[in-house]
Amino acid sequence: MQTNSLYQEVILDHNRKPRNYGTLEHASHHAVGHNPLCGDRLDIALQLEHDLINAISFHGESCAICKASASMMTTAVKGKTRVDAEALIDEFRDMATGKMDLNDPHHLGRLTVFSGIRDLPTRVKCAILPWHTLHAALNSMTSVSTETDDEPTQAITGNHT
Amino acid sequence: MNLAEATRGIAVSTSLDIEKIRADFPILDLKIDGKPLVYLDNAASSQMPQPVIDRLVRYQTTQHANINRAVHYLSETATMEYQKARCKLQQFINAREDREVIFTSGTTDAINLVMQGYGRKFIQADDEIILTTLEHHSNIVPWQMLAQEKGAKIRVVPINDAGELDIEAYKKLFNERTKFASLIHVSNALGTINPIKEMIAYAHQQGVPVLVDGAQAAPHIPIDVQDLGCDFYAFSAHKLCGPTGIGILYGKAQHLESMQPFKGGGDMIASVTFEKTTYAAIPHKFEAGTPPIAAAIGFGAAIDYLSAIGIDQIAAYENELLAYATEQFNCVPGVNIIGTATHKAAVLSFTIDGIHPHDIGTILNHDGVAVRTGHHCAQPVMQRYNVPATSRASFAFYNKKTEIDTLITGIKTVQKVFL
């Protein structure tokens with residue numbers, strides 16, 4: 001287990017200069033992710049038009065792994081359809097939890113820099129939180145948007161005292 | 001305060017043979033990522049020396065049966081060994097009688113026992129319970145549950161920037177509605193040693209009984225419950241080189257006798273019919289069901305081990321480590337110590353500018369260094385300092401100064417990674 005290999009330059013770069021960082025005007029969907037283990041909190045907002053993610057942004061307080069994961073996620077799903085984004089969420093989860101053989105076909109591309117997280121169970125949640133939150137945001141489209149105002153969907157990972 | 005001077009002063013008084021002590025702890029030989037383990041998470045749980053491991057094995061291989069039941073050899077042996085462990089704990093904290101020592105599953109269980117057995121009986125609507133900002137969640141949540149059930153109120157003693165309790169504010173919290181105070185002895189998040197004897201004395205002047213959460217104090221400070229005068233005192237074995245799943249609640253006999261049992265079951269009764277149950281005398285009234293017998297006996301062995309070294313000696317040496325670590329930390333720019341109380345146990349909570357504690361913990365782990373990262377189950381303390389989490393190095397008597405050097409090197413590596 002090489003824990004330092006996790007902190008590769010691409011992750012450190014996204015942590016230093018997160019892409020799509022900030023708030024989004026005219027967002028159609030958003031969700032708040034929370035990790036009680038460390039108090040990390042992530043807001044994800046996106047604009048969905050004709051089932052296409054036109055714009056996406058995030059902000060919040062988190063560790064480098066979570067922030068870099070969120071930043072790379074936003075660049076990966078921008079311009080993708082909702083279905084493709086959901087498929088990528090599944091693939092990322094499977095990679096992070098060690099359920100995926102990276103030799104099999106996948107669409108993760110540079111996101112494979114996070115593959116080392118599978119050896120650090122306590123940090124898996126840090127990497128997955130943004131994806132979990134994106135999933136919650138996308139699903140609020142059918143279940144939340146018509147019924148409520150802008151009550152954010154809560155995505156919670158971890159269960160710690 | 002001149003730390004170097006303090007360190008030298010204490011160094012003369014300590015005479016522990018650390019290498020000999022380390023040889024008692026097989027886990028300290030582990031390699032993590034090929035690097036020697038540097039275990040600095042002792043405030044979360046300490047490691048177990050070979051004599052305690054051996055005692056568990058001996059019990060399990062030659063002495064085990066259920067206790068307080070049968071007349072056969074093994075049952076009598078196990079019962080006797082379990083009771084011996086209780087007496088060791090009694091002596092360790094200088095309780096008046098062995099029946100004032102109740103085995104619990106740990107500190108949390110002990111506090112919940114007092115909440116259920118004492119609190120639910122004696123605390124009513126509009127009564128007030130005093131806690132401090134430094135409390136671990138285990139000494140907050142049970143009292144909140146009680147307060148919600150009864151309509152009682154929680155009052156909280158504030159801390160200053162150094163992490164010390166405001167004792168004047170503490171005294172002002174008392175009024176005619178104050179019915180109980182549950183106070184942490186040593187802060188797990190910051191290391192602050194509270195002036196607990198003075199606080200107990202003041203509460204008693206007001207007629208208020210006091211429970212002391214001693215989970216972090218018992219490993220570092222000689223505890224004399226008669227000298228402290230506390231009504232209840234709780235701590236866990238696994239922070240004292242003993243097994244998990246066992247701890248004690250000390251309670252003054254008159255309190256324990258007046259309390260309702262928390263759990264019903266076997267071993268806690270004098271007689272049972274379907275109409276009525278008469279409870280056993282203390283401590284059995286509070287020990288329903290088959291207890292963790294092996295763990296209790298292991299706890300006794302851990303107390304023997306620590307007592308042979310001497311808690312005074314341990315405290316002096318750990319102070320030396322703390323002073324050295326504090327001095328080293330203060331030499332690294334961008335590293336901030338959280339909690340700078342004058343009286344501290346060997347706990348060093350810190351933040352590094354711009355770097356999240358979880359990233360610090362993961363990178364330190366690469367160097368074999370185990371520290372705790374997170375809110376330490378003390379979110380009110382984190383809120384007081386406006387940080388979501390800290391990293392925490394906590395030292396035991398088997399740690400060495402060279403391990404602190406490894407920690408400092410690791411911290412510099414963390415800073416380089418995030419440069």
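**Entry 1: the interface**

How much area do chain A and chain B bury between them? I looked this up before anything else, keeping in mind that this is a predicted model. Chain A and chain B bury about 1,600 Å² between them, and 54% of that area is on carbon and sulfur atoms. I then asked which residues make up the contact: 21 residues come from chain A and 19 residues from chain B.

Next I went for the polar side of it. Between chain A and chain B I get 7 residue pairs in polar contact, counting pairs with both residues at pLDDT 80 or more. The rule finds 1 salt bridge across this interface. The partners are A:R123 and B:D359, whose side chains meet at 2.9 Å, N to O.

Which helices of chain A supply at least two residues each to the side that touches chain B? I noted α1 (9–16), α2 (64–77) and α4 (121–143) of chain A. The largest share of that side comes from α1(A), with 3 residues. By class, the side of chain A that touches chain B has 11 nonpolar, 7 polar and 3 charged residues.

Over all chains the count comes to 27 salt bridges. I picked a few to look at by hand.

Is A:D13 buried or exposed? At 18% relative accessibility, A:D13 counts as buried, because the cut-off for buried is under 20%. A:R19, at a relative accessible area of 30%, is partly exposed. I also wrote down that A:D13, A:K17 and A:R19 are linked in a network of salt bridges.

**Entry 2: salt bridges within chain B**

I moved on to B:R22 and B:E403, whose side chains meet in a salt bridge at 3.3 Å, N to O. B:R22 lies in helix α2 (residues 18–22) of chain B and B:E403 in helix α15 (residues 401–417) of chain B, so this pair ties together parts that are 381 residues apart in sequence. I checked the burial of both partners. B:R22 is buried, with a relative accessible area of 12%, and B:E403 is buried too, with 4%.

Then I took B:D161 and B:R384, another salt bridge, at 2.9 Å, N to O. Here B:D161 lies in the loop between β6 (153–157) and α7 (167–173) of chain B, while B:R384 lies in helix α14 (residues 379–384) of chain B, so the pair ties together parts 223 residues apart in sequence. B:D161 counts as exposed at 60% relative accessibility. B:R384 counts as partly exposed at 30%.

**Entry 3: chain B as a whole**

I finished with the overall build of chain B. How many helices and strands does the secondary structure of chain B come to? I get 15 helices and 17 strands.

For overall dimensions, I noted that the C-alpha atoms of chain B fill a box of roughly 75 × 55 × 35 Å along the principal axes. A compact globule of 419 residues would have a radius of gyration near 22 Å, and chain B has 22 Å, which agrees. Of the 419 residues of chain B, 60% count as buried.

Last, I looked at contact range. Among contacts in chain B between residues at least 6 apart in sequence, 73% join residues at least 24 apart.

Methods
Residues numbered from 1 in each chain as written. Chains lettered and ligands numbered in written order. Predicted model: local features only at pLDDT ≥ 70, side-chain atom pairs only at ≥ 80, totals over all residues. Heavy atoms only, no water. Contact = heavy atoms within 4.5 Å. Buried area = accessible area lost by both parts, 1.4 Å probe. Salt bridge = Lys/Arg side-chain N within 4 Å of Asp/Glu carboxyl O. Polar contact = N/O pair within 3.5 Å; in protein donor to acceptor, adjacent residues only side chain to side chain. Helix = DSSP H or I, 4+ residues; strand = E, 2+ residues; numbered from the N terminus. Nonpolar A, V, L, I, M, F, W, Y, C, P; charged D, E, K, R; others polar. Buried < 20%, exposed > 50% of the residue type's maximum accessible area, 1.4 Å probe, protein only. Rg over C-alpha atoms; globule rule 2.2 N^0.38 Å.
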